[in-house]
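Here are some notes for a colleague opening this model for the opening look. Please read them with the sequence and the 3D view side by side.

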Amino acid sequence: MKQKFEIAVFQGDGIGPEIMGPTLDILQKLAQKSEGYGLQFHDAPAGAAHYRETGESLPAGSLEIARKADAILLSAMGLPDVRYADGTEISPQIDLRKILVLFAGVRPVTVRKDQRSPLNMPAGKEIDFVLLRESTEGLFHTQGRGEVSATEARETLLITRDISEKLFRFAFALARTRKENGRGRGRVTCVDKANVFRAFAFFRQIFDEEAKKHPDLSADHAYVDATALWMVQKPWEFDVLVTENMFGDILSDLGAGLMGGLGLAPSADIGLEHALFQPCHGSAPDIAGQGVANPLAMILSAALMLDWLGIKHDNRALVDDGARLRIAVETVVAEQRALTRDLGGTAGTIAAAAAVQEALSL
Ligand code: ATP
C-alpha cells in the first residue's frame, strides 16, 4: 500500500521557481515509480513578489497549507528592492521557522573524494558533517524589533532552556542515526562562546546535561572562532556541530564554501511537528530568469525531505529514495557531468537537473 504525503510548495522569488520546477519533476517521477509512497504537491503563494502585488508576504491561506502538510518544500524568498516600510527584507522563510517552531536548522556539509573543493584535501579524506543551527531564537530573537536611537542600537540574544533542550536532544539523536548508518562516529560538538558570555555558559551547561544521557555517544565543546579555523584546517574530523542561530548562520555559509559554493548547500528546518526543506542560498536575483541557476542545493534539500519523512513515518522506500537522490547528485558533481556556471561548468538549470534524472535512471 502506497503511503500518501502532502507537500506544501513555496516557489518563492528570483530563481526560486526555476529550481523548484525540475525538483518537483524528479520527486514526481520517483514517487510514481515507488510502490511505497505517493506525493501530492500544494502550491503556497508567498514572498517578496507576492508582497509587492498583494501587500501580504505570507498569506494566512499559505500558512494553513504549510501547517496541514506533511512537509514543506521552499526554494528561496526575498528581493533586494522589495522591503517592508521599516526597510527590512521580506523573509517569510524566517517567519515560518518561528511560527512553526522549527528550532533545528540542519546544514549537512559533504565533500566526496573526487569532488572539487577550495580546500586542498589530503588524499583519501572526505568531509561529511552536519552543522545544527538553532533557528528560532539566539541573536535573531529581536529580529525586526531591535531598538535604534540616534546614538545607539540594541538587539537581544535569547537562549531558552526549553528550545536548547529540544535542540540538543535532536543533535544526539542525529549523531546516533548517523553512526548507525556508518556516516559518523557518534560525536556531538557544542559550538559556543562560553568563555565570554554568560548566555553561552548557560547554553553549554544544558548541552552537558543532555550529553550525560547519552553515554554511548561522545560530546565535546569548541569556541566558535576556533571552529571557523578548524572548518578550514580539518573539517573531516567533525560529525555533528550544534550552535546558536547567528553563529550557525555564519558557519553554514563557510560550510557551503567548503562544498564549492551555495549552489550545493541544502538545509532542513525541523521542529517536533513540522519540517521545512530549502537550499541555503537566497533568491539570487542577479541571475534570475537566465536559466543558469544551480538546482542541486534544491534537489539535495528534497532528498533530505524524503529521508526525514521516511524516518518519521517508518517508510523504507522514502529513506531509500532520499539516499538514492543524494548519491545521484554527488555522482553528477564528482564526475562533473553537467555542472552549472557557479561550479565552473557551462550547463543550465534544466541540463543539470536532467543529469540527476539520468543518474537515477528515471
Ligand atoms: P539571502 O540573504 O537571501 O540568503 P544573499 O543575498 O546572501 O541571499 P544569494 O541570493 O544566495 O545571496 O546569492 C549570493 C550569490 O550566489 C549571488 O551571486 C548568486 O547569483 C549566487 N547564487 C546563489 N544561489 C545560486 C544558485 N542556485 N546557482 C547559482 N548561483 C547562485
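1. Domain 1 and domain 2 bury about 1,400 Å² between them. Of that area, 50% lies on carbon and sulfur atoms. Buried area here is the accessible area (1.4 Å probe) that two parts lose on being put together, summed over both. The size of an interface is often given this way, as accessible area lost when the parts come together.

2. A word on the basis. This is a predicted model, in which local features need pLDDT of at least 70 and side-chain atom pairs count only at pLDDT 80 or more, while totals for chains, interfaces and linings use all residues. Residues are numbered from 1 along each chain as its sequence is written, and side-chain values use heavy atoms, with hydrogens and water left out.

3. Where do the domains lie in the chain? Domain 1 takes 1-100 + 273-362, and domain 2 takes 107-261. These bounds come from an automatic or database domain assignment. The domain centres, taken over C-alpha atoms, are 23 Å apart. In the contact, 17 residues of domain 1 meet 17 residues of domain 2; contact means heavy atoms within 4.5 Å.

4. Next, α1 and α9. Helix α1 covers residues 16-33 and helix α9 covers residues 296-312. Helices are DSSP runs (H or I, at least four residues), numbered from the N terminus. The two pack at an angle of about 40°, with axes 9 Å apart. Axes are lines fitted to C-alpha atoms over the stretch in contact, and angles run from 0 to 180 degrees between N-to-C directions. That makes α1 oblique to α9. Angles under 35 degrees count as roughly parallel, over 145 as roughly antiparallel, 65 to 115 as roughly perpendicular and the rest as oblique.

5. Which residues make the contact of α1 and α9? From α1 come I19, M20, T23, I26, L27 and L30; from α9 come M298, I299, A302, M305 and L306. By class, the contact has ten nonpolar, one polar and no charged residues. Ala, Val, Leu, Ile, Met, Phe, Trp, Tyr, Cys and Pro count as nonpolar, Asp, Glu, Lys and Arg as charged, and the others, Gly among them, as polar.

6. α1 also meets α10. Their axes come within 11 Å and cross at roughly 135°, so α1 and α10 are oblique to each other. I26, L27 and L30 in α1 touch D321, R324 and L325 in α10. This contact has four nonpolar, no polar and two charged residues.

7. Helix α10 (residues 316-334) also packs with helix α11 (residues 349-359). Their axes come within 9 Å and cross at roughly 120°. L325, A328, V329 and V332 in α10 meet A355, V356 and A359 in α11. That contact has seven nonpolar, no polar and no charged residues.
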